Amino acid sequence: MSIRFTAKARRGMVALTIAAGLAVGVAGCGGGGDDDKPEASASASKSGGSGASTQEGTDEPIAELKGEDGLVLQIDSVQRDSGGFLTVSGEMKNDADKAARVSVRTAGDETEILRHGSSLGGATLVDSKSKKRYYVLRDTDGRPLTTTGMPRIEAGASIPVFMQFPAPPTTTTDVTFQLPTFASAPIQISG
């Protein structure tokens, strides 16, 4: 399936992408000191589940998904943005006793995304009630609107991550987050 955009539509998408990127950058500023956070008690099991929490304003993550080689994806925020975006953000932690790399499989298998290197471009949100799957957004050059070029993560270290999706209808508040090589987890959309 091929989608064609007019030059005006492309300029609009680029402007929205830049605005969304700036919003994510501003939202990610400040804080720090996350290394001293207590371990979250809810974690995804190999069967694919994860405890979801709606407690906002606490250090408790919304979901924690276990992956390969001791990597853990902690989802801290699922926010609707103006302009029809949904931003999932958190951190990728290495709970192993040695350095690890995020698997190249997390980028998914779409040729356009793979051209741009390592990323979390394979992430999806599944709305079971509406029977819809939402994929990570791409810019006009096909780059996924997500964390890219992830470095090797040292033992005990973490890196901030984000993924942007088209926002489901405002009536949808519960979706399942999926990322290749990680357990799936139900999450709630806020905002």
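Here are some notes on the predicted model shown above.

1. Ground rules first. Residues are counted from 1 along each chain as its sequence is written. As this is a predicted model, local features need pLDDT of at least 70 and side-chain atom pairs count only at pLDDT 80 or more, while totals for chains, interfaces and linings use all residues.

2. Confidence: the protein chain has a mean pLDDT (the predictor's confidence in each residue, from 0 to 100) of 77, with 69% of its residues at 70 or more. Go carefully with residues 1–56, where the pLDDT is below 50. Beyond near neighbours in sequence, that stretch still has 56 contacts (heavy atoms within 4.5 Å) in the model.

3. Layout: DSSP runs give 2 helices (H or I, at least four residues) and 8 strands (E, at least two), in the order α-β-β-β-α-β-β-β-β-β from the N terminus.

4. The sheet: 4 strands form an open, antiparallel sheet ordered β1-β2-β3-β6. Its edges are β1 (63–66) and β6 (158–166), each pairing on one side only; pairing takes at least two DSSP bridges between two strands. Strand β3 (residues 85–94) joins β6 through 9 bridges, antiparallel, and Lys93 sits opposite Ser158 in β6.

5. Among contacts with a separation of 6 or more, 60% link residues 24 or more positions apart.

6. Surface: the protein chain exposes about 10,700 Å² (Shrake-Rupley method, 1.4 Å probe), and carbon and sulfur atoms supply 52% of that area.

Note on methods:
Heavy atoms only, no water.
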